[in-house]
2 protein chains.
Amino acid sequence: MQDDDGAQLVRDGGSLYRRVAADLREAIAAGSYGSGGRLPAEGALAQRYGVSRGTIRQALAVLRSDGLVTSRRGTRRVVLGTARVQSFSELLSFTSWARSVGEEPGGAMESLVRRPADDRECEQLRLEPGAEVYVTLRLRTLSGRPVMIERTVYPPRVGELVAQLPADAVSHTELLLEHGIVFSDADHTIDLVHADTDDSRLLGCTAGEALLRERRRSTDPAGVPVEWSEDRYLPGTVAFTVHNSIAASALSRRHRPAPDPHSPDVTRG
Amino acid sequence: MQDDDGAQLVRDGGSLYRRVAADLREAIAAGSYGSGGRLPAEGALAQRYGVSRGTIRQALAVLRSDGLVTSRRGTRRVVLGTARVQSFSELLSFTSWARSVGEEPGGAMESLVRRPADDRECEQLRLEPGAEVYVTLRLRTLSGRPVMIERTVYPPRVGELVAQLPADAVSHTELLLEHGIVFSDADHTIDLVHADTDDSRLLGCTAGEALLRERRRSTDPAGVPVEWSEDRYLPGTVAFTVHNSIAASALSRRHRPAPDPHSPDVTRG
DNA sequence: TAGTGGTCTAGACCACATT
DNA sequence: ATGTGGTCTAGACCACTAA
């Protein structure tokens, strides 16, 4: 909430534009501009916050990419939604997401094996042929309820660390972060798959039942792959949401080349 | 592909940074920097293209949001992927997407009714209570194969135009665009649903079979809702992909509040 | 220590929407 | 005609990475 002549951005955040963005986000959430209302002009905001127009534009770019406001030449920005909470870690980490929705996350390691990587895994994790990988199978729970099965393939550097974690560790992501493994980019593919025997046994569903699948390949800030994972959710426990605008989109449909059982199931580049 | 001292950006696109981005994208796709390789420094690129560093940074922001390159302080940018094609329209329009993957899109209008909007629809389309809406049910096909059922609710202004389209019109989005209806922002929710009798009849699947569902609310550049749609895909015909980075994300998980049959099925804000 | 990307400024001109 | 956001420039300083 900013003042009339406000210049106090007492907020915590690091850079100036982030603090401005956080302040504007709060004001929008508080309904200061109404849903469908208009934001002040960039110049006015610059004056109010005592920063340059460039910094204001940087802050507004954040809100735009979050789907909070529109932007087009000639008119003031329009407020699209009143709130929206989403962070990178919430999508990447089951634990982080569970906590953000007020549920108690759990994770039980069902198996962890070390074995040579197959061709697919070498390609995805950018490993030399013959390299070894660590493969985990975990049951994830929300407040004790089984919700998701997680199969993850780690490259050696990361897998060695994972192998040392306790079997009931809740958040691998957070523990790996403490060891200097940073997740910074990820590609996700969402589709539908049918439960196999492991799935049905652990999730308590019938074999062949449809599950929502999310596959993901994550890299560190240097672009080096750190995990390749396949998560299978019980129906009704989760939905994925995305916002895109004509200005900047991140999501796309991926085609499954129809009745052609020859090629392997490759929906990830 | 840029030259050693290149300054020729003969490309079509409008703004300078877009042409630079397109040029860099091509160079990356051509493998000029290798996968996992490093881009030249911003300053070097600025000199090469004869533009300011700010413009280069604008171009690189495009590539970063497409998941093509990383970026972190202290090091040159790293190439993440070699290619990635995705546009806003591909996600929004079944027709546009189908064409981009080389399939022949089709659409058959099964029904179109005009009726008063319910509370949910008024809220989603930001209409006054008692306003009327146009509701369509369409079967979408790829090269003749049934693939998806599309249920769309339009506000009056848009619905009146839709009602005048031929029943076998392939792309409503494109035809509406010719009438000045522009889709510029959309919120998507992806989850799993079971086929009802309409679904099974039109898609040729068994009732109760699991389908991949995408719900979407789209607005025009002024933030005014122009459609609220629910699409149901046959399993195996489509997968949704998304890229996100610690810098900017657009996707999130949405929680389904578990065994509580009281509250209506609201997974969209 | 040198090089890199991240942030911020101040100013300019243009394309577009609205009046 | 006015005001708005979009684009572009030139320069500055800082935080971080890597040698």
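Me: How many residues surround DNA strand C, and which are the closest?
Reply: This is a predicted model. In it, 26 residues surround DNA strand C. The closest are A:L16, A:S52, A:T55, B:R53 and B:R76.

Me: Which helices supply at least two residues each?
Reply: α1 (16-29) and α3 (53-65) of chain A do, together with α3 (53-65) of chain B. The largest share, four residues, comes from α3(A).

Me: What does the side chain of A:T55 contact?
Reply: An N or O atom in the A:T55 side chain is 2.5 Å from a phosphate oxygen of DNA strand C. For A:R73, a polar side-chain atom lies 3.4 Å from a sugar or linking oxygen.

Me: Switching to chain B. Is strand β6 buried or exposed?
Reply: Nine of the nine residues of β6 (residues 225-233) are buried, so the strand is largely enclosed by the rest of the structure.

Me: Which strands does β6(B) pair with?
Reply: β3 (residues 145-154) of chain B runs antiparallel to β6(B), with six bridges. There, B:V153 partners B:W228. β5 (residues 210-219) of chain B also pairs antiparallel with β6(B), over eight bridges. B:T219 partners B:P225.

Me: What about the turn between β5(B) and β6(B)?
Reply: The two strands form a hairpin with five residues between them. B:G223 in the turn has a positive phi of about 85°.

How values were computed. Residues are numbered from 1 along each chain as its sequence is written. Chains are lettered from A and ligands numbered from 1 in the order in which they are written. This is a predicted model: local features need pLDDT of at least 70, side-chain atom pairs count only at pLDDT 80 or more; totals for chains, interfaces and linings use all residues. Side-chain values use heavy atoms; hydrogens and water are left out. A residue is near a molecule or strand if one of its heavy atoms lies within 4 Å of it. A polar contact is a pair of N or O atoms within 3.5 Å; within protein, one must be able to donate a hydrogen and the other to accept it, and residues adjacent in sequence count only if both atoms are side-chain atoms. Buried means under 20% relative accessible area, exposed over 50%, partly exposed in between (1.4 Å probe, protein chains only). Two strands pair if DSSP finds at least two bridges between them.
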